[in-house]
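Subject: A structure for you to explore

Hi there,

Here is the structure I promised to send you.

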Amino acid sequence: MRRRRLVRKVRRTVRRALGRTKQNRLVAAEPNPVVPDRLDSFRFFAVLGTWMEQDVVEATVRNAFAQGVEKVFLVDNASTDATVERAVSAGATLVESFETQVYEEHIRVLFMNGVVARESLASGAEHVWWLWLDADEFPEGPDGMTILDYLRTLDRRFRLVGSTFYNHYPNSKPEYLPGFHPLDFQPLCEHYIRVLPRFCEQWHFKHPLQRFDITGPFAMSIIGFHSANTMNPAPLLEPVGGIVTHHVQYREEGVTRRRLDLLCGGVGRNSYNHSIGNTEIGKRYASLDAIYAQRWTDVDNLRIRDANRGVAPTPWTGPVSGRRWYQPEEVEAAKAAWHESRTLSPTE
């Protein structure tokens, strides 16, 4: 009897989530018109939230510039490593730094929304497109385009753009080297689609492109940049399709383990429970052994809570953006130098 009640409850929850009408969603989708009414002009900025990301943040910033961003505004949760230094050296501007006892996602998003509002107004522009970023996210435009070129094709009605999300997984050494695009190290990936919740009818996991309009209601990004809310009954409009994001959360094994241990390890350090609001960071932490051993069937896929094991990564087959800030021979030389250093110092 108890089992039947639980099954009925789960089914009701799924039906409610999947059966929501367009009016109840924050986002609605339409195709970009054949002859779009484009904006005459707009600015394009990025807002980047960081916490202990020194291994990857330089590449994150440089990728944003390669995609056409004019400025990268940095909001840092008091990283004690070289995160800020490396982000600034890559061209970012530190605009907010706040200190908390543990990593605080809710506070971070509040600061990032404040930066978007303040810097949009300070720009004097009528329209400002914003690219919302975590340090382990590498977005790009569709079909080999830059994001800026893609935005220039859109009708002015669209104030939000969703992203198809690919989780990347390491399967060789080195798993990653700082300064480079992670796709050059981790071609294995899996298209990530959550079963619950659904943020839009296209099943985009995130909507990292959000537009500020001086004459329109402010679109406040929700936690995780999954969507945005203007508090109007009408949903924000996004184009069919959108951009692509390469999500590279599992980088060099030692670095990744130390960072997740700070987030999740030890008594009193389980910040993912109260600052992020769910246990997904903890699930990633628990999957580290399986990930670095390539035991894909043992990896928590994070799609839903009741069927949460197994991923099936395959090599990336989409267009490879040529928008790199280095030459191909540079990354090959860096890999060769890494292997040579391990041959000379095998105990390290």
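You can find Phe225 in the loop between strand S10 (220-221) and strand S11 (228-229). Its backbone is worth a look too: phi is near 60°, a positive value in a residue other than glycine.

Met52 sits in the loop between S2 and H2, and it counts as buried because its relative accessibility is 14%.

From there, move along to helix H2, which covers residues 57-66. Which residues of this helix are buried? They are Val57, Ala59, Thr60, Val61, Asn63 and Ala64.

One more backbone feature to look up is the peptide bond from Lys173 to Pro174, which is cis, with omega near -10°. Pro174 belongs to the loop between strand S7 (160-168) and strand S8 (188-191).

Now for the whole chain. The secondary structure comes to nine helices and 14 strands. The chain has 348 residues, and 51% of them count as buried. Its accessible surface comes to about 16,400 Å², with 53% of that belonging to carbon and sulfur atoms. If you take the contacts between residues at least 6 apart in sequence, 74% of them join residues at least 24 apart.

Please keep in mind that this is a predicted model. How confident is the predictor, then, going by the mean pLDDT of the chain? That mean is 87, and 84% of the residues reach 70 or more. Over residues 13-24 the pLDDT stays under 50, and the model has 11 contacts for them beyond four places in sequence. The pLDDT is also below 50 over residues 267-278, a stretch with 35 contacts in the model beyond near neighbours in sequence.

Enjoy exploring, and send me any questions that come up!

Best wishes

Conventions. Residues are numbered from 1 along each chain as its sequence is written. This is a predicted model: local features need pLDDT of at least 70, side-chain atom pairs count only at pLDDT 80 or more; totals for chains, interfaces and linings use all residues. Side-chain values use heavy atoms; hydrogens and water are left out. Buried means under 20% relative accessible area, exposed over 50%, partly exposed in between (1.4 Å probe, protein chains only). Helices (H or I, at least four residues) and strands (E, at least two) are DSSP runs, numbered from the N terminus. pLDDT is the predictor's confidence in each residue, from 0 to 100. Contact means heavy atoms within 4.5 Å. Accessible areas come from the Shrake-Rupley method with a 1.4 Å probe; for residues, only the protein chains shown count as cover.
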